[in-house]
Structures are given as C-alpha cells and as structure tokens.
Amino acid sequence: MQECGHVLNGSPAPSPSFPSFPGNEPPSPSASRLHLRIDTMCTLVVLLSALLLADRWVVPARAADTVEIDTREAPPRCPRRVTNGDFVRFHYNGTLPDGTPFESSYSAGEAYGMFVGKEQMTKGLDQGLLEMCVNELRLIKIPSHLAYGSKGVDGKIPADSSLHFSVQLLDVWNLEDKVQVESYDIPKQCSRKVQSSDYVRYHYNGTLLDGTSFDSSYSRNQTYNTYVGIGWLIAGMDQGLIGMCIGEHRHITIPPMLAYGEKGYEPVIPPQASLVFNVVLLDLHNPKDTVLINTTFSPNNCTRHTQAKDFIRYHYNGTLLDGTMFDSSYQRNKTYDTYLGMGYIIKGMDEGLLGMCMGEHRMITMPPHLAYGEQGTGSIPGSAVLVFNVILVDFHNPTDEVQTETFALPDECTRKSRKGDLMRFRYNTTLMDGTLLDSSDMYGKTYNVVLGSGRLVKGMESALAGMCVGEKRRGIIPPHLAYGEEGIAGEVPGSAVLLFDVDLLGIEEGLPEGYLFIWHNEVPPNLFELMDGDKDEKITLEEFSSYIKKEVDNGKGRLAPGFEADSIIKDMFSNQDRNKDGEISAPEFKLKADEDLENHDEL
C-alpha cells in the first residue's frame, strides 16, 4: 500500500510495504487495523492540504443545498425573534437568481401573513424567517428542493429554480401571547391606581409593531376619555390600563386577538396586526367618588368653622389631576368671594369648603360629576377631575354682629364709654389674615373721635362702646358693618372682615344725646335779652357766638366735645334761625326743653 498519495509539493511519495513476517504470512488482524488507521490519516491529510492550498486546488462548483441568509438591515433593538409557530406579517420581493421577479407583496399592495413552520409558502421560507426581528431586512436564498422543486410554478417559476426573497418583517405574534406592559416615567407618589369601572382620560400614540402610526390623541388635541373594564375599549387596552397611576407612561403591546383580530380596522389597521400604544394617564375617577379633602395646614386656634350660608373669601390655585393649571385667584390678585352652600359655586367646592377655619389650607379633589361634568368649561376639559389648593382668608355670616374680645382691663373702671363721649385711643386695623390696613402708629399720634358721631363705620362704633380707660380690646367686624361688598379701592377688599384692635387712653364725657351745649347750672330766665347785645330784638350770629363762648370760658356751660367750637355754635344758631334770614327773633328763640327732640339739637 502507498503512503498518503500527495505531499506538500504535490509529488508521489515512496510506497513502503508492510514488514515481512516469518514464512511470508499474510498480515495479521492487528496489521489490518494499522492499515485502516493509516488510510484514515491519509484522507485527513489530503483534506487539510486542499484547504491550505486552496489557490492550487480547484473544487468543482455545486448548488447550495441549504437556505442562505443575508441580513441587509437590522433594527437597533430586537426584543423578540421569530420562532416556529409564530404568525408573521412581512413585505417581500421574490426573484429568480438572475433577478427576474416572479412575485411581490408590494405590487399586491398588502403584506403577506403566515404561520412559520407550517409550510404555508415554502419550507425554505419557513427556515429563512426564523430568528428575524421586526423591521429587519433579509435576503433569503432558497434552493430548489426547499422551494417548488422540479415542478416549479407554471408561468412564474421554472422547474428546479432556486428562489431569492427580499423580506422585511413587519409583525410577529403567537397564539399564546398576552398583553405586554412596559411602564416608564412612573411618578414617585401614586395614591390611586386604575381599576375596572374607573373613568380615565389619557393621551396616546398608536402604532403597528413596525412603528407605523395609525392614530394619536395628540393630533386631535384632545384626550381619549372612557370607562375601563366594561367593554368600551378593545380587550387588550382594557387590560393594559389597569393599575396605572396618574402621570405614568406605559408602552402597551397588544396581540391581534385582543385588538382588531382577523378583520383589522381598515384602512389604518391591517388584519392580524399587533398594536402598540404609548400612553400617558392624565386623570381617573369613579362614578362613586366623592370629594376628597386633604388639610395641609390648620391654625392652632380655631373657634369657628365655615357653615352653609356663610360668606367666604379665599385664594386658590385650580389644576387638573396631572398638575395642569386652569385658574388662579392669585393671578387676578383678588380673592374669590361667595356664599357657601347656596349653589353659587360647583357642588364639589360647596362641599369641600365646609368646616374650614380661618387661615386653613386645603387640597380639595373633586370628581367631574361634582365639578363641570362631561362638557367641561373654558380651559377645563370634559370629564376632568379638579384639584383646588385653597387658603381661607376670612368668612362671616350676614346675621353676624360685632364680636369683641378684651385682652386687658384696668384695676378700676369708674365710667364706660358711651355715645357722645370724646374717645382718645390707639388702634390697628387688619384683615383676618393679618394684613395691616391702618394704624394710629402710622401717624404718630392718637386718634380722637366722638362716639356716635358717624366718623367711624358702624362696627367700629359698636366695638368702642362700653370701654374703660386703659382697656385693650379687639373687635371682629363683619363687612356689612364695615366697608361692605365694595370695600375701599386699593385699601380694603370688598366683603372683608376686619380686626379692630384698640387701646383706650382717655374719655371726655359727652353731652346728653341731642345736645350741642349745656349749662352746668340753671338756664338764665332772660336768655334772649342777654344774647341781644344791641337790644334790637334780634340776635345775630356774632352776638350768639360771643355769648356762648363767654359762658364756656366762665365755666357756666360747655360745648359737645370733639368738635370745633365755631362749627358747633354755627349749627346751634342755624337751628334757632328758623326762617333762615340770618337773624333770630324772639318768636324763633326756644330752649331745648321746648323743642321736638327728634328735629333739633340746640340750647
């Protein structure tokens, strides 16, 4: 037997023979086994030589007997690859090896769909589609025996033809598939999640699995609003929305049997299409929801809470559940003022403001059926849950009277203030939230006023009545006893409750009600003659004024305190000058005791 037939230089090698045994016997079985091993080794050496010297050896060409795959384009992400049993949708161009086209899904205007591994087209295509990703582009070369073999396809594919398919995968799913949910951008706080029978508002982009868009709520500039879990949505969307939080973003992938199935939704969703929804949840509520109140700040001392029919003033920021602001009293730099529990505001606000304290902060969340309902209003969309962050500035009731609170009393109090007294005091006037409106300290002097003279609002007059010198008191004055609904432009808001803090420093006793001047002793019997200085039986203003001032200076009488003497005397003279001729005659002249108390303030 020869050694291996070729060596590296291509020359035949010498042919050594097996060693001779005594008697020139045939080779033993062990020698035969050795011969077999040498033959095997020679074969391996020849094959190795052929690989190393490929440039010097010519291997006869032969047709491929397996499917060849050439990936032309690969997507950056491939969360899923095709396996046997999957349903796939793809576009393709089919050609013969020389480039002659025989069929194209593009020409047909419709992607091709099939189950992989069930020979719905060819065995070779079943193999070539395995491990493909959506949006991958492959050139699949299929040998004849894995295509249409010796029969071919009349008029299209000759017998024994290899086929080339340029395939782009659009969709893949399996009958075992469920809804796939991928959450991202999840809010840190989630006090409530979507449940079956909830009503939700959300934005979405809807695409096929290859990214082709078929619908978007953003393009309509309107959220999609619906109930969850009661059949108003496709089954996959019903499942995909369950458990979402407000502000959460989800990537929901739905197989066709949980979407639009075999029929699709022409012209935008083809049959047997997987759907992908990118969803952000903006709002949710349940028809059984009530107003939700969260008190974020409560003052320490709260002696009174809001009730129905109270008039309230409050500041607020109004937002949707996702934080979108739709209104704010702060932007108008003016509180919202209204009656409570009388239908002037939406039901949810009427409920949410009950039981509040002055200065309390609340977050009031109300479902749409207690707000603006399905229609919405202005910048508030239909079926929107509303959130109001409220600070109660003040409140009162139209039946309220002035309330007083004494902080300090003198050890002795011999006389309390009453109408007509000249009062000297220091004061601060503020709103209920502490905003300073006015103060005697601003002017650096005390304030002096005659109680009941009309120089103060009614509520302040009431707060000052019955005080002792040295007393410190606070009056809480409702707006109908202060500056009313209009207030004072730029100074006092309309419908504002006032806090009037007073420190009474002194009282000058006033005259009896209706008097401008009194005598300390008996009234002179011949008063007219005493005033008529020139004895012409007429009293002029000059004569009248001179006499009254002299009596005051002599301590025989006194004028009402708190007013200029000339002004009081002029009023007294005017009251006596009944015919308004500038002089007082004897018939016109009468004492106070002789007058109708309701019409004259005089001697």
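Author: A residue counts as partly exposed when its relative accessible area falls between the cut-offs: under 20% is buried, over 50% is exposed. The model is a predicted one. It holds four disulfides.

Begin with Cys190 and Cys245. A disulfide joins them, with an S to S distance of 1.9 Å. The angle about the S-S bond is -95°, and the link is left-handed. This pair links distant parts of the chain, 55 residues apart. Cys190 is in the loop between strand 7 (180–184) and strand 8 (199–208). Cys245 is in the loop between helix 5 (235–241) and strand 11 (249–254). Is each end buried or partly exposed? Cys190 has a relative accessible area of 29%, so it is partly exposed. Cys245 is buried, because its relative accessibility is 4%.

Next come Cys302 and Cys357. They form a disulfide with sulfur atoms 1.9 Å apart. The disulfide is left-handed because the torsion about its S-S bond is about -95°. Cys302 lies in the loop between strand 13 (292–297) and strand 14 (311–320), and Cys357 in the loop between helix 7 (347–352) and strand 17 (361–366), so the link ties together parts 55 residues apart in sequence. The accessibility of Cys302 is 26%, so this cysteine counts as partly exposed. Cys357 counts as buried, because its relative accessibility is 4%.

Now take Cys413 and Cys468. A disulfide joins these cysteines, with S to S at 1.8 Å. With -95° about the S-S bond, the link is left-handed. Cys413 and Cys468 are 55 residues apart, and their pair links distant parts of the chain. Cys413 is found in the loop between strand 19 (403–408) and strand 20 (422–431). Cys468 is found in the loop between helix 8 (458–464) and strand 23 (472–477). Cys413 has a relative accessible area of 34%, so it is partly exposed. Cys468 is buried, because its relative accessibility is 3%.

Cys302 is partly exposed, whereas Cys357 is buried. Cys413 is partly exposed, whereas Cys468 is buried.

Methods: Residues numbered from 1 in each chain as written. Predicted model: local features only at pLDDT ≥ 70, side-chain atom pairs only at ≥ 80, totals over all residues. Heavy atoms only, no water. Disulfide = S-S within 2.5 Å. Helix = DSSP H or I, 4+ residues; strand = E, 2+ residues; numbered from the N terminus. Buried < 20%, exposed > 50% of the residue type's maximum accessible area, 1.4 Å probe, protein only.
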